[in-house]
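I opened a notebook on this model. The entries below follow the order in which I looked things up.

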Amino acid sequence: MNQLPEHRGNALGSSLGSQPSLRDVHSINPAQLMARIESYDTREKKGISDVRRTFCLFVTFDLLFVTLLWIIELNVNGGIENTLKKEVLHYDYHSSYFDIFLLAVFRFKILILAYALCRLRHWWAIAFTTAVTSAFLLTKVIISKLLSQGPFGYVLPIISFILAWIETWFLDFKVLPQEAEEENRLLLVQDASERAALLQPGLLSDGQFYSPPESEAGSDEESEEKQDSEKAVL
């Protein structure tokens, strides 16, 4: 007889212990999850992420900066027209800076085409441009006579080499990892929203999990004593 109240007490404790899980279910707000999904969708509609846009701006800066240095070099070495004819029309690999400018144009076209227009999410394009740039500049510095033509013989190859490797670092350590993290967050939010849609507030009520109040410890014994007394009277 004493085991019955204990069993009912355990049942009541288990029902009370299940209430926090119900509160957790009711605390899920699908509206907030849908708002986050809409924010991710608006980012996708932009066509390009913020970090990728910054990368494309830096690639554009690479081209413009090398072009500016080349124009300054043309103006310093006897005027733009005369030096331009000498370096372009009468191109000489050993003394011309025109190929370094073309190398910057090459990097700009490949990287913008791959990561802005095609939205490539792999490192092979930047690896190709950086490898070509490094090999060409190292060969030109070793074979050509640029180092004997003044400060631009040092500045243009070094600046072009550094910018190419900065672009590689920025894409590999900033652009691709951040976009991968955003994709993982989007998948998690969509999964949570799908689960929350199945457990919206109102579908589950506390009445469905009603537990009767615990009876007093001596109530069962008193009822049995009353039944015995009634039988004795009869």
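**Entry 1: helix α6.** I began with the length of α6. Its 20 residues should span 28 Å at 1.5 Å a residue, and its end C-alpha atoms are 27 Å apart, so the two agree. The expected span is 1.5 Å times one less than the number of residues. Helices here are DSSP runs of H or I with at least four residues, strands are runs of E with at least two, and both are numbered from the N terminus.

This is a predicted model, in which local features need pLDDT of at least 70, side-chain atom pairs count only at pLDDT 80 or more, and totals for chains, interfaces and linings use all residues. Residues are numbered from 1 along each chain as its sequence is written, and side-chain values use heavy atoms, with hydrogens and water left out.

Which residues of α6 are buried? I found a list that includes Phe 98, Asp 99, Ile 100, Phe 101, Leu 103, Arg 107 and Tyr 115. Buried means under 20% relative accessible area, exposed means over 50%, and partly exposed lies in between, with a 1.4 Å probe and protein chains only.

Entry 2: I moved on to Arg 119. It sits in the loop between α6 and α7 (124–143). Arg 119 counts as partly exposed, because its relative accessible area is 46%.

Entry 3: I then looked at Tyr 93, in the loop between α5 (80–89) and α6. Its relative accessible area is 23%, so Tyr 93 is partly exposed. Which residues does Tyr 93 touch, not counting those up to four places away in sequence? They are Asp 99, Phe 136, Thr 139, Lys 140, Ile 143 and Ser 144. Contact means heavy atoms within 4.5 Å. Tyr 93 and Ser 144 are 51 residues apart in sequence, yet their C-alpha atoms are 6.8 Å apart in space.

**Entry 4: the nonpolar cores.** I looked up the largest nonpolar core and found 17 residues. Such a core is a set of buried Ala, Val, Leu, Ile, Met, Phe, Trp, Tyr and Cys residues joined through side-chain atoms within 4.5 Å. Val 66, Trp 70, Tyr 97, Ile 100, Phe 101 and Leu 156 have the most contacts inside this largest core. Helices α4, α6 (98–117) and α8 each supply at least two of its residues. The largest share, 6 residues, comes from α6. Apart from this core lies another, of 15 residues, among them Val 51, Ala 114, Ile 126 and Leu 171.

I also checked Tyr 97. Leaving out residues up to four places away in sequence, Tyr 97 touches partners including Trp 70, Glu 73, Glu 87, Phe 152 and Leu 156.

Entry 5: Ser 160 lies in helix α8. Ser 160 is buried, since its relative accessible area is 0%. Beyond its neighbours within four places in sequence, Ser 160 is in contact with Ile 100, Leu 103, Arg 107, Thr 133 and Leu 137.

Thr 168 is also found in α8 (residues 152–198). Is Thr 168 buried or exposed? It counts as buried, because its relative accessibility is 16%. Neighbours within four places aside, Thr 168 is in contact with Ile 126 and Thr 130. The side chains of Thr 168 and Thr 130 are joined by a polar contact of 2.5 Å. A polar contact is a pair of N or O atoms within 3.5 Å; within protein, one must be able to donate a hydrogen and the other to accept it, and residues adjacent in sequence count only if both atoms are side-chain atoms.

**Entry 6: helix α4.** I ran the length check on α4 (residues 50–76). Its 27 residues should span 39 Å at 1.5 Å a residue, and its end C-alpha atoms are 39 Å apart, so the values agree. Gly 78 follows α4, with a positive phi near 100°.

**Entry 7: the whole protein.** The protein has 9 helices and 0 strands. Of its 234 residues, 29% count as buried.
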